[in-house]
Amino acid sequence: MKKIDLTNMKKTTKDHLVTYGMVLVVYVIVQIMLASGSLSSLMQGLLVPLTIYSVVAVGLNLCVGYLGELSLGHAGFMCVGAFSSAFFTKCMEHTGMNESVRFLLAIVIGTLVAALFGFLIGIPVLRLRGDYLAIVTLAFGEIIKNVMNVLYVGRDGSGFHFSIKDSASLNMAEDGEMIINGAKGITGTPHQSTFTIGVILILVSLFVVFNLVNSRSGRAIMAIRDNRIAAESVGINITKFKLLGFTISAAIAGAGGVLYAHNLSTLTALPANFGYNMSIMILVFVVLGGMGSFRGSIISAVLLTMLPEVLRGLSDYRMLIYAVVLIAMMLFNWAPKAIEWRERHSIRDRLRNRKTKEVR
Amino acid sequence: MTFLTHLINGISLGSIYAIIALGYTMVYGIAKMLNFAHGDVIMIGCYAVFMSMSSLALPPAVSVVLAIVVCTVLGIVIEKVAYKPLRKASPLAVLITAIGVSYLLQNIALLLFGADSKSFQSIVAFPPLKLAGGNLIIPSVTIVTVILCIVIVAALLTFIKKTKAGQAMLAVSEDKEAAQLMGVNVNGTISLTFAIGSGLAAVAGVLLCSAYPTLTPYTGSMPGIKAFTAAVFGGIGSIWGAFVGGILLGVIEILGRAYISSQLSDAIVFAVLILVLLVKPTGIFGKPIHEKV
């Protein structure tokens, strides 16, 4: 009995180790390239965004691939994580706290606040199904972005002031300091996100999702995805496990948001960065990388983020090419006819056939 | 009087949403897919009218007909090239492909027409209606929009009820295989649905740009999302649902902007949507989902 368990364990563990290893190898290669100066400044600027999108894609993959629920609102969780952590960093800026400790705390806070939002939003949302769930997550994401655009928070000697009208109605004292300035967002957040921290966050989120997926809870979540009614009839608490998956997924997206906030000096909630377009972009990473494959999510997040930048020489045409490549890849991957064609012309099969012939 | 003005503006905006939502809902009903590119078909329709009026100097009526033809052809081509090969694939794959098509249309428009916003000239050129001694002014665009919306809904309902092609649509949306066995041309019916939906998108686009006259390659995407919300709100797949959902959404948006907060109007719209879906999980006119074990 024990032996069978071990071999089973080994297979998944090996798979996970390959994923961790892949991230580490890329990290080392990038470090070598950085040290030898063979990385263009454009690519260096891309390093942190690559880790951000990878982290969020891993989080969304948990929701789409394992929970089986299509979320179009993960940019909202990123937004929550970004703003709560940047708010914390700004508040602590003049207290003389150690910068690394402060950033670590900011990551924890951003993640926790995003998890809280994921939990609160998950309670009503997870009652819905399919496209209705998708549109409600999109709605929540848009609400979060919209509210962030009208939120004003300032601080003076007597404490914090809140308003959703304008900065004048905060009634701050003369020495008051604006922290969140409505549509202008948070300015002056220190640049603390580095490639190293991004990679560490990828590894941590991979560790979390791998352990979740292979645990009892993870199997319950997958049972719900495969057949909700059957799962319910064997006594699985649907609400509890769906909420668990959704909350963790939101928390990981929040961690990505923290990196995002600390990579820019001005943090604003624009449609381009925290609107549904961002949620959709992350979803494209997840679906193209393969639902349920965290390694695939990271690979496609990296490749698809780099594609428009690599094509920059073609300036005007780059997004056009991106769109065409996306459509072509989806057709090639998913169209029944293309799948049939690939099976007929599979290189792996041909090699195998040749080998069997040789044996004969 | 101001309330009445806001209400009328809301109904006008809602009628535009309703016309767009009809396209979403028909395509969803028949192909069970969210056509994310629908909003961008609207934008292409706007550019078609704009270009034919400014560059070719065609009269407005001819330009609109031209735009409808362009969008109809575009809708059919998109369906044939991008969606048809994926008909038996997972719904998510189709969704991502639709997103790809949406990016593609936006970037084609960006290349052809540039990123700068064009100011669109209203194609409805007769004077506004003045009521109650000049206190209540209803712009002519509003009147045309609302009447057109009602005509379109009535025409669609009659088309589906009375014609063979309409009945074929109903049959395909209920059960594709069974419809095929009964001799319905499934591929033709799906193409027809896309053609009608895209043609309606052109009409909606012209009305939208006549009421809100700035035109950029991204003009279609937010109204597209709102109209999709309207379709879900009313119960996706139902024509009445799209109509009622669209009008309600428009009214809520304008009233929310006027009386609660101008910046939070989108948030209010989405909050109402969430509340409705929590009470009625399949929208106002949606059929309850029955699951078999």
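Strand β1 (residues 152–156) of chain A runs antiparallel to β2(A), and five bridges join the two. Strands here are DSSP runs of E with at least two residues, helices are runs of H or I with at least four, and both are numbered from the N terminus; two strands pair if DSSP finds at least two bridges between them. Within β2(A), A:Gly159 is the residue opposite A:Asp156.

The open sheet has three strands in the order β2-β1-β3 (chain A), paired antiparallel. Because β2 (159–163) and β3 (177–181) of chain A each have a single partner strand, they stand at the edges with one side lacking a neighbour in the sheet.

## About the model

This is a predicted model, where local features need pLDDT of at least 70 and side-chain atom pairs count only at pLDDT 80 or more, while totals for chains, interfaces and linings use all residues. Residues are numbered from 1 along each chain as its sequence is written, and chains are lettered from A and ligands numbered from 1 in the order in which they are written.

## Where the chains meet

Chain A brings 35 residues to the contact and chain B brings 39, with two residues in contact if their C-beta atoms, placed from the backbone, lie within 7 Å. On the chain A side, α5, α11 (276–289), α13 (318–334) and α14 (336–344) each supply at least two residues. That side of chain A has 27 nonpolar, two polar and six charged residues (nonpolar: Ala, Val, Leu, Ile, Met, Phe, Trp, Tyr, Cys and Pro; charged: Asp, Glu, Lys and Arg; polar: the others, Gly among them).
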